[in-house]
Amino acid sequence: MAATSVVVLDRGNNTTCTINLHGKSDCATVVSWRVNNQEQLFVSKQAVFDGKKAIRGGIPIVFPHFGPWSFGPQHGFARIVRWNLEKAPERMASGDVEAIFSTMDSEFTCSMWNYQFRLTYRLILREKELHFNIAVFNASKDLPFSFSTLFHTYFKVPDVRRCQITGLQGCTYIDKTRDGAVYHETRDVVTIGEWTDRIYQSTPQEHIITNVVSGRKMRIQKYNFPDTVIWNPWIEQAKEMSDFGDDEYPNMVCVEAGYVSNPVLLMPGTAFEASQVLQVM
Ligand code: BG6
């Protein structure tokens, strides 16, 4: 296996974003985002970086399928395929730093999902913000395809039981811990005190998580991502995962912006775009 390599966006003032590129499978997963030297993302101490499996933490990209998939791995293949560094980190006039990554169909992806596509994501690192833009292009001349996609963001938190998540009140959610039963969220802030795995539907553009690192708040803004997935495995599910420490669940919460409860239908020769902005408040 080739040596692990990383791409680093450096904004100065100990503010960096690191993307993992490794071995045969350059999966382009963001594995670190430090603001003033403070890490904002959770990566398990037991995460495996062998390119065969998604990295347990950071911000893996889910595509072209969210959840268990009969044609390939859970959450699709974007977390394990080769990505290219399309544009190496470059400082803009504002001082912000930009990098672009891309991947496209290959023999490997066609063996699971026989469509021609191009997937691009652009990262911009600002003083206290990380911007992501994802674009999916249907490269076929005549075949439409449908897909789901999501940013599987693992936030680092000192104690998940003390976090509150705004922006979910009034939304319906599919509770994956209860065989997919559908409920209506009545709470103005959502707290987590047990195994949680929910797809909130038609959520607003903004969520705020309180009590992330150093007791601060994290703002998530999303565009063209109608859904928000909230996930924490809690202790029993944590024990089932070989790449997640049994005692790590209090230190993470996944708040995932996605297009998952209904698929996107993309016509030939057209593109879909969506983005997320993370901001330390
Ligand atoms: C979440 C799903 O997005 O990801 C959960 O809602 C799933 O059901 C979790 O368990 C982790 O998935 P994976 O494939 O990274 O183990």
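Q74 touches G67, P68, W69 and R79, leaving out residues up to four places away in sequence; contact here means heavy atoms within 4.5 Å. The model behind this is a predicted one, where local features need pLDDT of at least 70, side-chain atom pairs count only at pLDDT 80 or more, and totals for chains, interfaces and linings use all residues. Residues are numbered from 1 along each chain as its sequence is written, and side-chain values use heavy atoms, with hydrogens and water left out.

Q74 sits in the loop between β5 (61-62) and β6 (84-91), and R79 is found in the loop between β5 and β6 as well. Strands are DSSP runs (E, at least two residues), numbered from the N terminus. At 43% relative accessibility, Q74 comes out as partly exposed, while R79, at 13%, is buried. The cut-offs are under 20% relative accessible area for buried, over 50% for exposed and anything in between for partly exposed, with a 1.4 Å probe and protein chains only.

What does R79 touch, not counting residues up to four places away in sequence? Its partners are C27, A54, P60, I61, Q74 and H152.

The UniProt record, an unreviewed entry, lists R56, Q74 and R79 under "binding site". These three are spread over 24 residues of sequence, yet they cluster in space, with a largest C-alpha distance of 13.3 Å. R56, Q74 and R79 also belong to the lining of the largest pocket. UniProt positions follow the numbering used here, feature names are shortened, and annotations may be inferred rather than shown by experiment. A pocket is worked out on a 1 Å grid over the protein atoms alone, as an open set of points where a 1.4 Å probe fits, with protein on both sides within 12 Å along at least five of seven lines; lining residues have an atom within 4 Å of a point.

Then there is the ligand, surrounded by R56, F66, Q74, H75, R79, H152, K176, D197, V229, W231 and E256. To be on that list, a residue needs a heavy atom within 4 Å of the molecule. An N or O atom in the side chain of R56 lies 2.9 Å from a ligand oxygen, and for R79 the distance to a ligand oxygen is 2.9 Å. The side chain of H152 has an N or O atom 2.7 Å from an oxygen of the ligand.

C27, one of the residues touched by R79, is buried at 2% relative accessibility. C17 is buried too, with a relative accessible area of 0%.

Elsewhere, H131 lies in strand β9 (residues 129-138) and is buried, at 17% relative accessible area. Its side chain makes polar contacts with the side chains of E129, at 2.7 Å, and R126, at 3.5 Å. A polar contact is a pair of N or O atoms within 3.5 Å; within protein, one must be able to donate a hydrogen and the other to accept it, and residues adjacent in sequence count only if both atoms are side-chain atoms. Neighbours within four places in sequence aside, H131 is in contact with R122, L123, I124, R126, Q276 and V277.

Definitions and conventions:
Helix = DSSP H or I, 4+ residues; strand = E, 2+ residues; numbered from the N terminus.
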